[in-house]
Amino acid sequence: GDPTRRERSQGLEAAGDLGRRRAAGKVGWMEIVDYEPRHLDAVLALCKAEGWITFAGNPKRAERSLTGPGVTALVAVEGEAGPGDEERVLGVGQAVGDGCFGGYLCMLLVAESARGRGVGKALVERTLVESGVLRLDLLSSERAMSLYERFPHNRIPGFRLYPDESLRPSEAISEPRRSPGD
């Protein structure tokens, strides 16, 4: 991988426990790891459970969004990924940025069964470090505001803009927009 990213990751693990945290009330470990294609089905299942049908409904496009240039995509996992072992995806974070000053947290999603256990906070903290940015901008649902309010922040108004049909990519024209999270 990227040596700068590896150094940031090692520094984070030396500075705190974000690399590995004891999962509250569970046997085993939660770990924040780089997104890999093997995580796609679990990420899509999380999106589907949350009602994010646009992302969940187009696996090829979702995969590109998690691996494109300037993307930092991380997953929180519990368990091991080795042969015969079971690894469970607890959450996912996706950000895009310039690697220097600013980024945008496109997605933060934690499995309902893992909420309230520090998974979202760990994903945001690790995304800030791994992306190399000084700030992350984001939009949030009302119910997630309390998570983001725990971080140093400025609250500013925002928008989510959608192109009309004539401007949408051809592969996305048939995709409905039904959910505020989509």
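A residue counts as buried at under 20% relative accessible area, as exposed at over 50%, and as partly exposed in between (1.4 Å probe, protein chains only). By that scale E50, with a relative accessible area of 22%, is partly exposed. The model is predicted: local features need pLDDT of at least 70, side-chain atom pairs count only at pLDDT 80 or more, and totals for chains, interfaces and linings use all residues. Residue numbers start from 1 along each chain as its sequence is written, and side-chain values use heavy atoms, with hydrogens and water left out.

**Confidence**

- The protein chain has an average pLDDT (the predictor's confidence in each residue, from 0 to 100) of 81, and 74% of the residues score at least 70.
- Residues 1-28 have a pLDDT below 50, and in the model this stretch makes 42 contacts beyond near neighbours in sequence; a contact means heavy atoms within 4.5 Å.
- Where pLDDT is low, the predicted coordinates should not be read in detail.

**Strands around β5**

- Helices (H or I, at least four residues) and strands (E, at least two) are DSSP runs, numbered from the N terminus.
- Strand β5 covers residues 102-110, and seven of its nine residues are buried.
- Strand β4 (residues 87-97) runs antiparallel to β5, joined to β5 by seven bridges; two strands pair if DSSP finds at least two bridges between them.
- Opposite G97 stands G103 in β5.
- The hairpin of β4 and β5 has four residues between the strands, and G99 in the turn has a positive phi of about 80 degrees.
- With strand β6 (residues 135-138), β5 pairs in the parallel sense over four bridges.
- L105 has L138 in β6 as its bridge partner.
- A right-handed β-α-β unit is made by β5, helix α5 (residues 119-131) and β6; right-handed means that, with the strands pointing away from the viewer, the path from the first strand over the helix to the second runs clockwise.

**Salt bridges**

- The structure holds nine salt bridges, each defined as a side-chain nitrogen of Lys or Arg within 4 Å of a carboxyl oxygen of Asp or Glu.
- R115 counts as partly exposed because its relative accessibility is 34%.
- E50 also forms a salt bridge with R143, at 1.9 Å from N to O.
- Here 93 residues separate E50 in helix α2 from R143, which lies in the loop between β6 and α6 (145-148).
- R143 is exposed, since its relative accessible area is 59%.
- Within helix α5, the side chains of E130 and R126 meet at 3.0 Å, N to O.
- E130 and R126 are separated by about one helical turn because they are four residues apart in helix α5, and both are buried.
- A network of salt bridges links E36, R38 and E87.

**A buried glutamate without a salt bridge**

- E63 lies in helix α4 (residues 59-67).
- E63 is buried yet has no salt bridge, and the nearest side chain of opposite charge, R64, is 10.0 Å away; Lys and Arg count as positive and Asp and Glu as negative, while His and the chain ends are not counted.
- Leaving out residues up to four places away in sequence, E63 touches Y35, P37 and L40.

**G79**

- G79 lies in strand β3 (residues 71-79) and is partly exposed, at 33% relative accessibility.
- From G79 to V89 the C-alpha to C-alpha distance is 9.0 Å, and the two are ten residues apart in sequence.
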